[in-house]
Amino acid sequence: MALTLGALALAFGGAAAIAPAAHADSSAKTSAGARATFTSSDEVFKLYDEKCDGYSVYLVYKLRGGSEQRIEFSGGCNKSGKYDKNFSEGSKVEYKACVNVNNARDKCSAWSTDFA
């Protein structure tokens, strides 16, 4: 009679927990006041405006290396917006957080990469 991994672990005083691999959550941030996070399990972006400077923030994302999509947030300083997406499982998601600076070059983070 063969013993399963769980039965072996219980026989030796432990417990076996086997769970599927999960993708880690990720984030992108600028020192200029924009922060974006991506929760891979729910495929949700959150975009934060962390400075009271009068500038709005946005995030740019690419799905599977495709064209760039932009999500704007102008809700005000120390506030955030939540954006629920529906991506195919395992899709590569690249994104960056940006501050929309008037009459100057926008300030953006480096690209972050995650998987849906």
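Visitor: Let's start with Glu-43: is it buried or exposed?
Guide: We go by relative accessible area, and for Glu-43 that comes to 8%. On this scale, buried means under 20%, exposed means over 50%, and partly exposed is in between, using a 1.4 Å probe and protein chains only. With its 8%, Glu-43 therefore counts as buried.

Visitor: Before we go on, what kind of model am I looking at?
Guide: Residues are numbered from 1 along each chain as its sequence is written, and side-chain values use heavy atoms, with hydrogens and water left out. Local features need pLDDT of at least 70, side-chain atom pairs count only at pLDDT 80 or more, and totals for chains, interfaces and linings use all residues, since the model is predicted.

Visitor: Back to Glu-43, then: where does it sit?
Guide: Its phi is near 60°, a positive value in a residue other than glycine. To place it we need strands, which are DSSP runs (E, at least two residues; helices are H or I, at least four), numbered from the N terminus. Glu-43 sits in the loop between strand S2 (34-39) and S3.

Visitor: Arg-64 isn't a glycine either, so what is its phi?
Guide: First, the setting: Arg-64 is in the loop between S4 and strand S5 (69-73). Arg-64 is exposed, at 54% relative accessible area. Its phi is positive, at about 55°.

Visitor: How many aromatic pairs are there?
Guide: Rings of Phe, Tyr and Trp (its six-membered ring) pair if their centres lie within 6.5 Å; planes under 30 degrees apart are stacked, over 60 edge-to-face, and the rest tilted. By that rule, the aromatic pairs number seven.

Visitor: What angle lies between the planes of Phe-45 and Tyr-61?
Guide: These two rings are 5.2 Å apart, centre to centre. Their pair is of the tilted kind, with the planes at 35°.

Visitor: And how many residues separate Phe-45 and Tyr-61 in the chain?
Guide: Phe-45 belongs to strand S3 (residues 44-49), and Tyr-61 to strand S4 (residues 56-63). The pair links distant parts of the chain, and the separation is 16 residues.

Visitor: What kind of pair do Phe-45 and Phe-87 make?
Guide: Their ring centres are 6.4 Å apart. The planes stand at 75°, so the pair is edge-to-face.

Visitor: Where is Phe-87?
Guide: Phe-45 is in strand S3, and Phe-87 is 42 residues away from it. Phe-87 lies in the loop between strand S6 (79-84) and strand S7 (92-100).

Visitor: How far apart are the sulfur atoms of Cys-52 and Cys-77?
Guide: A disulfide is a pair of cysteine sulfur atoms within 2.5 Å, and the whole structure has two of them. For Cys-52 and Cys-77, the sulfur atoms are apart by 2.3 Å.

Visitor: Which hand does the disulfide of Cys-52 and Cys-77 have?
Guide: The torsion about its S-S bond is about 80°, so the disulfide is right-handed. Cys-52 is in the loop between S3 and S4, and Cys-77 in the loop between S5 and S6, so the bond ties together parts 25 residues apart in sequence. Cys-52 is exposed at 56%, whereas Cys-77 is partly exposed at 30%. The hand you asked about comes from that torsion of about 80°: right-handed.

Visitor: And what is the S-S torsion of Cys-98 and Cys-108?
Guide: These two cysteines are joined with S to S at 2.1 Å. Cys-98 is buried, at 0% relative accessibility, while Cys-108 is partly exposed, at 34%. Their disulfide is right-handed because the torsion is about 115°.
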